[in-house]
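Let me put the structure up and walk you through a few spots.

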Amino acid sequence: MLRPCGNFKRTYQGDEAIFKTNFTKLSMLALFIVLVVLPFIVPEYQLHFINIIGIFIIGALGINIIMGYTGLISIGHGVFVGLGAYSTALLMIKFNLHFLLALPLGGLITAFLGLVPGFTCLRLKGIYLLISTLAAHVLFNFVIVEASNLTGGDLGLSVPRIFAASGMNFMRLFYFLTFSIVVAASLFTTNLFRHKVGRNFIAIRDNDLAARVLGIPVGKYKLISFSLGSFYAGIAGGLWAGLAGVISMEQFSISLSITFLAIILIGGMGSILGTVYGTIFILLIPEVLANLATSLRGIFGANVSTTLQIINNGIFGIIIIIFLLYEPLGLARIWWKVKSYWKLWPFSYSS
């Protein structure tokens, strides 16, 4: 059968497999074919938007490791995306490194800097940890302004071209680079939580006192979680810098951190698939409203753009409240319910 119901496995290998059924394997193959063909059939603007989705998926995986899997609270994720962007850009400018070499080095630098708020989580919890990560935004802006000779200050920093190609060819090359990293990061994260390190993250999230009693070095794994999540953010920031061409501290404000927070809350905390769903869902809202504003501008005038921008800001809050009240496990849980229903239908207990 392509889609067997229940949870019946004959071997340990079958139980530990990532893709457990033939239907799942065929679905992944179809998705792979779509991802390969996609950059050749969509226009340049849509491909640019898809690249942005890929960048946000990588960054959201990082904050999901910190919050969704380890249970730590952080609202400074946008800062680490910014640190990754500036680190990658400065490595290219000051050391004349190629982007493909500067990108992982920028991620490693960000991972090291991620230990700074990580050390605060050794003594702080809850709202106090939240405030310490929020302070990272103030420190980030201060450093960018004061080190203007290096960072460009308020004027921003121009990033060297990462590929010789331009236009549509550039977008296609960037697309394949970005989604190669997305696939690799997703597979690594999936396997991470089948390993001792990931299971310790989950134990700390569920009850850090019980985890300490069981002999898990809680402080060590909290630091690893912050560092790994910051590495993902640094890679996302480096890709952001390569795509945008110009970076400034305004791009990495607290609103970016809130966007990442909304992604994992709506997609599903502690779910890799939910991270993907949440990213697409959250980024499509302003895109749909922007297209709607363009369509309605001729009818209602230019003020409609301002009105829809205000609505866009309100929609984020309303959607988060709805999901927290009615489906705290997010879109991933909704997808699981739909999938389970069709796998077990027509039995009455399928829901």
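**A salt bridge, a helix pair and a patch**

So, start with Lys125 and Asp208: their side chains form a salt bridge, 2.7 Å from N to O. Lys125 sits in the loop between helix H6 (115-120) and helix H7 (126-146), while Asp208 belongs to helix H11 (residues 208-213), so this pair ties together parts that are 83 residues apart in sequence. In total, the structure has three salt bridges. Keep in mind that this is a predicted model.

Next, the helix pair. How do H3 and H10 cross? The axes of helix H3 (residues 44-69) and helix H10 (residues 196-206) come within 8 Å, with a crossing angle of roughly 45°. H3 and H10 are therefore oblique to each other. On the H3 side you've got Ile65, Gly68 and Tyr69, and they meet Phe201, Ile202 and Arg205 from H10. By type, the residues of that contact are four nonpolar, one polar and one charged.

Last stop, the surface. There's a nonpolar patch made of Leu26, Leu29, Phe32, Ile33, Val36, Val37, Phe40, Ile41 and Phe176, and together they have about 850 Å² of accessible area. Which helix gives the most to this patch? That's helix H2 (residues 22-37), with six residues. Val37, for one, lies in H2.

Terms used
Residues are numbered from 1 along each chain as its sequence is written. This is a predicted model: local features need pLDDT of at least 70, side-chain atom pairs count only at pLDDT 80 or more; totals for chains, interfaces and linings use all residues. Side-chain values use heavy atoms; hydrogens and water are left out. Axes are lines fitted to C-alpha atoms, for helices over the stretch in contact, and angles run from 0 to 180 degrees between N-to-C directions. Helices (H or I, at least four residues) and strands (E, at least two) are DSSP runs, numbered from the N terminus. Angles under 35 degrees count as roughly parallel, over 145 as roughly antiparallel, 65 to 115 as roughly perpendicular and the rest as oblique. Contact means heavy atoms within 4.5 Å. Ala, Val, Leu, Ile, Met, Phe, Trp, Tyr, Cys and Pro count as nonpolar, Asp, Glu, Lys and Arg as charged, and the others, Gly among them, as polar. Patches are made of residues with over 30% relative accessible area and no salt bridge: like charges are joined within 9 Å, nonpolar side chains (Val, Leu, Ile, Met, Phe, Trp, Tyr) within 5 Å. Accessible areas come from the Shrake-Rupley method with a 1.4 Å probe; for residues, only the protein chains shown count as cover. A salt bridge is a side-chain nitrogen of Lys or Arg within 4 Å of a carboxyl oxygen of Asp or Glu.
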